[in-house]
Amino acid sequence: MHAIGVDIGGTKIAIGVVDEEGRILAQVRVETNPDDAASIDRAIADACNELAKEHAVGAIGVAAAGFVSSDRTTMAFAPNIDWRDYPLGTKIAGLVDLDVPVVVENDANAAGWAEFRFGVGRDVSDMLMLTIGTGLGGAVVVDGNLVRGRWGVAAEVGHMRVVPGGHYCGCGHEGCWEQYASGSALVRDAKAAVVALPHKAGRLLELAGGDRRRLKGPHVTQAAQEGDELAVELVAKLGRWIGEGAASVAALLDPELIVVGGGVAAAGDLLLEPAREGFVSQLSALGHRPVARIELAEQGNEAGIVGAADLARR
């Protein structure tokens, strides 16, 4: 049975038809206004109706950033769109010309499930997925099952407190892991380094057009891949934070595999090797337990579509 997967971003939505093997058969992208929830509903429904004209569809899965209700119908809270206890699944179901279930899922859960089913985690039973972009999202699979928790908001690992009294976080607390292991953290540290170490920051400033305020994560990654000393140090620092935090999660969940996805994963081994070193350095009972693998995600930007569709089908 084919299913439609919907991946809702801040200003763009990707919608695709996915088969049982995780292959995307057709895909469209639409732009939306994050301040107009009704326009998002209509855009998704219109795209689903068009795709269903050419493909037999048995379910629709919708992935979005935020807290999803335990019955997987409602966005309880979203950071980038004005959704508060918003019945997203019901709204879309009422607009599509299909009599199929519409299932709402957290976007990190959807991406993690795609990796577990069809990506780098397809041969394991217990897995932690870290989606590292502007923030830090997570997905947890235990014994082949996605962990959602009683209220549907499990695996928000980015908001584990790792530095008491640390950097302020958008969640309202201080010292969250997300403030040290994310693209935003990388950019913050890079901008600070340009001021503190101007003699080492020439390449970063050049990529930013001479204005440190315009410095972005991909600039740091590009410079690191070119061998720039400061950029390599910054990416390595990010990697160590990823690994050390993952060791704390491993103390609770004991995963076989930790998957790193999101924009910063483009740094490859420049990020992964420090992450592996940081993980081992903080892993409890080292030498008396197997050490989880840390690998890059395989599904890329389509993970949300694939995971949402497969979860809706199941």
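Helix α7 spans residues 229-253, 25 residues in total, and extends 36 Å from its first C-alpha to its last, close to the 36 Å expected at 1.5 Å a residue (the expected span is 1.5 Å times one less than the number of residues; helices are DSSP runs of H or I of at least four residues, strands runs of E of at least two, numbered from the N terminus). The model is predicted, with local features requiring pLDDT of at least 70 and side-chain atom pairs pLDDT 80 or more, while totals for chains, interfaces and linings use all residues. Residues are numbered from 1 along each chain as its sequence is written, and side-chain values use heavy atoms, without hydrogens and water.

Just after α7, D254 adopts a positive phi of about 55 degrees.

The largest nonpolar core has 42 residues, of which L130, L204, I242 and F279 touch the most other members (a core is a set of buried Ala, Val, Leu, Ile, Met, Phe, Trp, Tyr and Cys residues joined through side-chain atoms within 4.5 Å; buried means under 20% relative accessible area with a 1.4 Å probe, protein chains only). The largest contribution to this core comes from α7, with ten residues. A separate core of 31 residues includes A52, V62, I92 and V104. Beyond its neighbours within four places in sequence, F279 contacts residues including G243, A247, I258 and V291 (heavy atoms within 4.5 Å).

Strands β5, β6 and β7 form an open antiparallel sheet in the order β5-β6-β7 (pairing requires at least two DSSP bridges). The edge strands are β5 (67-68) and β7 (84-86). In the pairing of β6 with β7, which has two bridges, M75 is opposite Y86.

Terms used: Buried means under 20% relative accessible area, exposed over 50%, partly exposed in between (1.4 Å probe, protein chains only).
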